[in-house]
Amino acid sequence: SREMYQLQEFKRGFVRMALLTQTPIVPTLVIGAEETHLNLSQFRFLKSFIVPLPLNLIPLPARWKIKFLPPIYLPYKPEAANDNELVHEIAEEIQERMQDALTEEKQKRQRIF
């Protein structure tokens, strides 16, 4: 819950797939899901297995909003999917756009429930 609405680093497979298939990326935001379960802590097993310790067992009735951002058309050939630096840069740029839009939407929200 400490990191609510703070996007973590994106994996880059979605960028490679968009480049290989020559399809647009449609960033999608979900606002409200973070408030349905408030976490006290997390138990970390191994490296990638994380189990949250929720404060509430029943989901809270938070209002959800789903927002689709404008499609992003990548002006590169499919071979660009092999350029790790370019793929990483594109993923970071998309993450920044989404974080900015998420912050803006969160500020416009009048109430959670």
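Author: Helices (H or I, at least four residues) and strands (E, at least two) are DSSP runs, numbered from the N terminus. This is a predicted model, in which local features need pLDDT of at least 70 and side-chain atom pairs count only at pLDDT 80 or more, while totals for chains, interfaces and linings use all residues. Residues are numbered from 1 along each chain as its sequence is written, and side-chain values use heavy atoms, with hydrogens and water left out.

Within helix H2, Arg97 and Glu93 lie four residues apart, about one turn of the helix, and they form a salt bridge whose closest N and O atoms are 3.0 Å apart. The term salt bridge stands for a side-chain nitrogen of Lys or Arg within 4 Å of a carboxyl oxygen of Asp or Glu, and the whole structure holds six of them. Arg97 is partly exposed at 43% relative accessibility, and Glu93 is partly exposed with a relative accessible area of 40%; here buried means under 20% relative accessible area, exposed over 50%, and partly exposed in between (1.4 Å probe, protein chains only). Salt bridges that share partners join Lys65, Lys67, Glu105 and Lys108 into one network.

Lys67 is partly exposed at 26%, whereas Glu105 is buried, with a relative accessible area of 4%.
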